[in-house]
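The following note comments on selected local features. Please read the numbered points alongside the sequence and the coordinates.

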Amino acid sequence: MRRLPFDYAARNLGRSPLRLSISVVGSVLVVVLAISAYAFVRGMDRSLVGSGSPNNVILLGAGSEESIERSEISTSVASQVQATIPGLKSQAGQAYVSPEVHAALAVSIEKDAEPIGQAVFRGVTPAAFSVHPQVRMIEGRTPQTGADELLVGQLASARLGLSGDRLAVGQQLWIDDRPFTIVGRFAAPNTVMNAEVWVPLTSIQTLTRREGISCVVLTLGDAEFADVDLFVKSRVDLELAAIMETEYYDQLSAFYQPVKMMVWITALLIGAGGLLGGLNTMYAAFASRIREVGTLQSLGYSRRAIVISFLQESLLAAATGAVLGSLISLALLDGISIRFSMGAFGLLVDAPTIGFGIAIGLLLGVIGSIPPALRCLRLPIAEALKAN
Amino acid sequence: MAMIECRQLSKTYRKGASIIKPLDSLDLDVEQGSFLALMGPSGSGKTTLLNLIAGIDQPTSGSLTIAGQNIAALSRSKLASWRAKHVGYVFQLYNLVPVLTAYENVELPMLLHPLSRKQRHERVGTALSLVGLADRHDHYPRQLSGGQEQRVAIARAIVTDPQIIVADEPTGDLDKPSAHAVMSLLVRLNQELGKTLIMVTHDAATAEHAGLTLHLDKGQLVEQSVTAAFSGETATTHADEGGDA
């Protein structure tokens, strides 16, 4: 089969600048939308999945396996674990065992002011930096034990809807009418911790008037999960449950599945609208060329050659839109912080996301051109040659 | 053996509840190198006959043998290949592709043949020279007059060196000088290059350029006339009404 020259398809795009603009803008919108949806889902997944370390185990209250915030266990669990389970990872004699309190607390930026929102707080000891290697200080210092000082994650300001300056080192946040001074900032890219506020464990215990802790996070060294599980089962009095940290965040990811589905459904519906618009444009573009199509067939070009030419034309417009849409997405969407109950995460516009957007754009070009092309070729040649 | 042989050639189609028969059991032989004009009122079947001979329509019944091949039996894709090799079509409204230059329009049917770029270039140049438009090769159709467009269309029709050229009202949309130029060109193609030419026209003066004029009505051949300027038999009809021409 001999094909029509590519130039023919390319130049046909220039026949109606308005129609070309509509096709390209339609493609841009659908691609940006597809990239947004994919970047949202990937960003959320990355944030949740990246929060768990494969060697960490969380010990939390039995029955609270789905939410650390609801968990309450004895503060002594940390020392008992350290003393009982051999082979936990350690450095300079310090086992990687981190007692933690997780709580969502209302935050104000001034004394007696209305809270601006809830931040996800984590009460920690210095061991937290050992069991969560994703966390690294980027500014300031760590809080002193017992002091009303705190660390803020990179995306904490996004979680609270504040500008980055407002959570700079030296600023204060008010929690339950107590001022806490920001003494440092940390980064924990692609984890929920990146949007958290970390305070000394004892300070948050005082603040929340609790004696216990939410959980103990420990890092397995030579020990295995079975060793931790055995400890949990042998100390029924402590009412503990053990779960791999990765599994915990996988469960959280599954919990947000309906949200992700809603995002996809919304994108699909708007994308379908874009597709119908594209189809309409292509129907009009091809319908105005029925006589020309008849002429090409009379010259000896096969129907397939003409469909391929139409496909090239449509793909060219769609690809232009896809590239523009991808560039716009990269410029405007990448890294945008989205708040959710676990904190905040950044939209992830990376190579797979761009690839996905471009694939959707090209698919739109294919689906948008085949039916109009076939309709255009439906007429017998003799009839097509009579068309106005 | 005639170049074109139509035997009991019929074409029918349904339009709503009624059946239309634009061509009814037509018998016709056309010798190679003939210049045939088809005349008749609207709906007489002349364009249908032209389209059947050009291979862009297929008969409902009967046989249509061109250069020894019954094209009525060809599949759609084989018929497309056959058209590319054997027929050049000249349309009333020229039907040039507006986004292609004169050169590219003429080159278009050449792309269906296994020729190098250089070979295509030579043949397109020859065809454009033949119609007197070599200097307009880079013009787009919108930059040409109607007569020039039709001459480009003729160059496109002959560039593949087809055995048959069909023309549907080739001067129907042209002023008199342009029409004269186009007809002179078609006559040259017939007389100097020996192309078999079949032309539909409503205009008796235009038909006089042809060697033989066939008059059709209601899908049947009703009359034929030989132009005085031409001698020798060029077509034979086998319809009941007609005898040997």
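Throughout, a residue is called buried under 20% relative accessible area, exposed over 50%, and partly exposed in between (1.4 Å probe, protein chains only). This is a predicted model, in which local features need pLDDT of at least 70 and side-chain atom pairs count only at pLDDT 80 or more, while totals for chains, interfaces and linings use all residues. Residues are numbered from 1 along each chain as its sequence is written, chains are lettered from A and ligands numbered from 1 in the order in which they are written, and side-chain values use heavy atoms, with hydrogens and water left out.

1. Chain B salt bridge. B:D161 is partly exposed, with a relative accessible area of 49%, whereas B:K195 is buried at 7%. Their side chains meet in a salt bridge (2.2 Å, N to O); the term denotes a side-chain nitrogen of Lys or Arg within 4 Å of a carboxyl oxygen of Asp or Glu. B:D161 lies in the loop between α5 (146–158) and β7 (164–168) of chain B and B:K195 in the loop between α6 (176–191) and β8 (196–200) of chain B, so the pair ties together parts that are 34 residues apart in sequence. Helices (H or I, at least four residues) and strands (E, at least two) are DSSP runs, numbered from the N terminus.

2. Chain A salt bridges. The closest N and O atoms of the salt bridge between A:E196 and A:R122 are 2.8 Å apart, and both residues are buried. A second salt bridge, with a closest N and O distance of 2.7 Å, links A:R141 to A:E149. Here A:R141 is partly exposed at 37% relative accessibility, while A:E149 is buried at 12%. Over all chains, the count comes to 23 salt bridges.

3. Helix α7 of chain A. Within this helix (residues 225–234), A:V228, A:F231 and A:V232 are buried. Seen down the axis, the buried residues fall within an arc of 100° (taken from the directions from the helix axis to the C-beta atoms), so they line one face of the helix. The face turned away from the buried side of α7(A) carries the exposed residues A:L230 and A:K233.

4. Packing of α7(A). Its buried residues pack against β1 (56–61), α3 (77–84), β11 (215–219) and β12 (240–244) of chain A, where contact means heavy atoms within 4.5 Å.
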